[in-house]
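Below is a briefing on one protein chain, grouped by topic. Please keep the sequence and the structure at hand while reading.

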Amino acid sequence: MNRKLRMAMIGGGKDAFIGAVHRLAMNMDGQVELVAGALSVNPDVAIESGKMLYLQPDRIYTDYKVMLETEAAKTEAEGRIDFVSIVTPNFVHFDPAMLALEKGFHVVIEKPITFTLEQAKQLQQKVQETGKRLLLCHTYTGYPMVKQARQLVAGGALGKVRKIYVEYPQGWLSTLLEKTGQAQASWRTDPKRSGKAGAMGDIGTHAFNLAEYVSGLQTTHICADLNTLVEGRLLDDDGAVLMKMNNGASAVLMASQVAAGEENAIKIRVYGELGGLEWKQEDANTLLVKWLDKPAEIYRTGAGYNGSFAKHNTRIPAGHPEGYLEAFANLYRNFALTVQADTDGVVPAAECLDFPGTTEGVRGMAFIENVVASSQSEQKWTAFEV
């Protein structure tokens, strides 16, 4: 392929937080260009947003269905799109993703992958049927030191994993912010648009994904407790989950959006027979590894001693901070390189294939379903059903 991948975006118009992040990420490596968009359900906002992004007038749409039908009819010479990026609230993930796949497009989608577990399974089946690629944007797996942590664990450096602690405290919903008209708070706390979980669906899924990604393990049983601490809120804003992993290890997960004063303090610790490691987003360039019988080590982004996966996802020399936007861009770049390899009939490198997809999406929705059910149950431990 001797051109950039062509992307259309659904949602993410004027003043939308995550849409702007996606556009920054897809632009960072010069692999992708935005050529079309149905950027809002509000026609005026959709048109204005398209103009602000300098899209051609005939590729600014006010209906994503019309966009997908029109773009699917285009030829390569007419600039037919390669993939669709879906950055809408949770309840508008499934339908556009299914239609995009049916029209022959690859898909990038915000997490959680769908509104329900059943939808996630249907979408996974559609991906398998079409042979198209799907990227699910679990941002934190894109950090170089998270990939280094995963590679160390997978290589047996820590021995058998015994214990995992993962936490994601935020404080931005410490008041009833949704009643002020704040857009992000309004839809994220609305069960009709967000789903059956609040904090656990929004950020608990990130913590869960990070725990399974770094450890290489899968959850088999859980014991959950969800709380709604701000009076008048419709969904949980705080919770904790005990987890049993498929190698016998135990894990503790905490997610809260009422931890006053916290920003996005996601952190993971993994302990094995021989040592442990620790990574936190607030010092994202550092991976701390502690050994049972020797001094602790500090791994740093950009250093030559890192493994191939960390190196592949590092852009700049050591000492220059690489953060959230770069991690997000790593997801887009790996996805783009994989799609390009597929198009060229080449097997993608393992480092390129290392991005979240439908497997992580289904497990994330299963996490939401199981945690809510466990919290409502009188039974102490419940099996993790997928």
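D15 sits in the loop between β1 and α1; helices (H or I, at least four residues) and strands (E, at least two) are DSSP runs, numbered from the N terminus. This is a predicted model, in which local features need pLDDT of at least 70 and side-chain atom pairs count only at pLDDT 80 or more, while totals for chains, interfaces and linings use all residues. Residues are numbered from 1 along each chain as its sequence is written, and side-chain values use heavy atoms, with hydrogens and water left out.

**Backbone geometry**

- Most residues other than glycine have a negative phi, and most peptide bonds are trans.
- D15 has a phi near 75°, a positive value in a residue other than glycine.
- D15 counts as exposed because its relative accessibility is 75%; the cut-offs are under 20% relative accessible area for buried, over 50% for exposed, and in between for partly exposed (1.4 Å probe, protein chains only).
- Y54 is not a glycine either, yet its phi is positive at about 60°.
- Y54 belongs to the loop between α2 (43-52) and α3, and its relative accessibility of 73% makes it exposed.
- The peptide bond between K111 and P112 is cis, with omega about -10°.
- P112 is placed in the loop between β4 (106-109) and α5 (117-130).

**Salt bridges**

- The model has 22 salt bridges, a salt bridge being a side-chain nitrogen of Lys or Arg within 4 Å of a carboxyl oxygen of Asp or Glu.
- E76 and R3 form a salt bridge with an N to O distance of 2.8 Å. E76 is in the loop between α3 (64-72) and β3 (83-86) and R3 is in the segment before β1 (5-10), so this pair ties together parts that are 73 residues apart in sequence.
- E76 is partly exposed at 45% relative accessibility, and R3 is partly exposed at 21%.
- K196 and E369 form a salt bridge whose closest N and O atoms are 3.1 Å apart. It links distant parts of the chain, with E369 in helix α12 (residues 358-376) and K196 in the loop between α8 (191-194) and α9 (199-215), 173 residues apart.
- Both ends of that pair are partly exposed: E369 has 23% relative accessibility and K196 has 46%.
- In the salt bridge between R363 and E212, the closest N and O atoms are 2.8 Å apart. R363 is in helix α12 and E212 in helix α9, so the pair ties together parts 151 residues apart in sequence.
- R363 is buried, with a relative accessible area of 10%, and E212 is buried at 11%.

**Strand pairing**

- Strand β6 (residues 161-169) pairs with strand β10 (residues 267-272) in the antiparallel sense over 6 bridges; two strands pair if DSSP finds at least two bridges between them.
- In this pairing, I164 stands opposite V270 in β10.
- β6 also pairs with strand β9 (residues 250-256), here in the parallel sense over 7 bridges.
- Y165 is opposite V252 in β9.

**Surroundings of R188**

- R188 is part of helix α7 (residues 183-188), and its relative accessible area of 17% makes it buried.
- The R188 side chain makes a polar contact of 2.8 Å with the side chain of Q184; a polar contact is a pair of N or O atoms within 3.5 Å, where within protein one must be able to donate a hydrogen and the other to accept it, and residues adjacent in sequence count only if both atoms are side-chain atoms.
- Another polar contact, also 2.8 Å, joins the side chains of R188 and D202.
- Leaving out residues up to four places away in sequence, R188 touches W172, S194, G198, D202 and L235, where contact means heavy atoms within 4.5 Å.

**Surroundings of K311**

- K311 lies in helix α10 (residues 308-312) and is partly exposed at 44% relative accessibility.
- K311 touches A303, G304 and N306, again not counting residues up to four places away in sequence.
- A polar atom of the K311 side chain is 3.5 Å from the backbone oxygen of N306.
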